[in-house]
Amino acid sequence: MGDHGIFGPSSVTWRVMGEPILLVGGIRALLMQGLHPRAMRGVLQNSALMDPEEAWSRFVRTTEFVRVRTYGTTAEVERAGRRVRKIHARLTALDPDTGVTFHLDDPDALRWVHVGEVDSYLSIARRAGVRLTDAEADAFVAEWRRAAEVVGLRGEDVPGSVAELRDYIDAERPGLRFVPEAAHPLRLSLNAPLPRRLTPLKPAVPALMLLSFATLPRWARRLYGLPATPVGDLWATATLRTLHTGLGLVPAQVRYSPAARRAHRLTAA
């Protein structure tokens, strides 16, 4: 049967995560993370966000972690998880509101990051037109409890259904805000810290960031100081569907990554 890691051919995750439109979901997840003061300060105080090489290296490492966690063998996932947990346990940040120094493996911050990621991938997939029943959406959320364990959380401590996901987000909202010491992501996107070889892609970054912001819940857009209207919701959904449909015209050999193509083959078999 082979070792297919924490998800496998029968999972909803393998069917959803390979879609290119999920790039928007990844950016949305980072924007959700940015509204949790401790999670955001942990990033701000431990990385050079505007250094092109550092920012790009961090992006590459994060992308590779997501790939391994989704498609890797059990041993590969465990190895990647140990590395991430070790880094989180070692690094610290200061909460200027309380004067408390905390480690980056703070469970509350990790839980919010996890939920923001799951909610973002699921929301973008469904709004873009990836076919998912309500039962499959619940299964997706439940499957990602295994992903939470990889970063050091207990599976039972994170939401296991769409309803639990929404309840958790609603309960966290009073403590969310965009910390004043952080530069606004929309402004940063105007001069994205890309390596020189990727400079030709810079003009597309603000448009991608604007779309990612538009996919956030209205309350989250307001916390970033941006307009939040039903018209924006409709524009975001229409744009996602158009992009997803257009990407569907690209041959699968080009559209999907090697790991996603392998997952599709195994799922079909």
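User: Why does Asp106 count as buried?

Analyst: This is a predicted model, in which local features need pLDDT of at least 70, side-chain atom pairs count only at pLDDT 80 or more, and totals for chains, interfaces and linings use all residues. Residues are numbered from 1 along each chain as its sequence is written, and side-chain values use heavy atoms, with hydrogens and water left out. Buried means under 20% relative accessible area, exposed means over 50%, and partly exposed lies in between (1.4 Å probe, protein chains only). Asp106 has a relative accessibility of 14%, so the residue counts as buried.

User: Why is Arg38 called partly exposed?

Analyst: The relative accessible area of Arg38 is 22%, and therefore Arg38 is partly exposed.

User: What makes the pair of Asp106 and Arg38 a salt bridge?

Analyst: A salt bridge is a side-chain nitrogen of Lys or Arg within 4 Å of a carboxyl oxygen of Asp or Glu. The closest N and O atoms of Asp106 and Arg38 are 3.4 Å apart, and the pair forms a salt bridge. Asp106 lies in the loop between strand E2 (100–103) and H6, and Arg38 in helix H3 (residues 37–44), so the pair ties together parts 68 residues apart in sequence. Helices (H or I, at least four residues) and strands (E, at least two) are DSSP runs, numbered from the N terminus. Salt bridges that share partners join Arg38 and Asp106 into one network with Arg41, Asp95, Asp97, Arg177 and Glu181.

User: Which residue forms a salt bridge with Arg28?

Analyst: The partner is Asp119, with the closest N and O atoms 2.9 Å apart. Arg28 in helix H2 and Asp119 in helix H6 (residues 107–128) are 91 residues apart. Both Arg28 and Asp119 are buried.

User: How many salt bridges does the structure hold?

Analyst: The structure holds 17 salt bridges. Glu19 has none, although it is buried: Arg255, the nearest side chain of opposite charge, is 4.7 Å away. For charge, Lys and Arg count as positive and Asp and Glu as negative, while His and the chain ends are not counted.

User: Why are H6 and H8 called oblique to each other?

Analyst: H6 and helix H8 (residues 162–172) pack at an angle of about 130°, with their axes 11 Å apart. Axes are lines fitted to C-alpha atoms, for helices over the stretch in contact (heavy atoms within 4.5 Å), and angles run from 0 to 180 degrees between N-to-C directions. Angles under 35 degrees count as roughly parallel, over 145 as roughly antiparallel, 65 to 115 as roughly perpendicular and the rest as oblique. H6 and H8 are therefore oblique.
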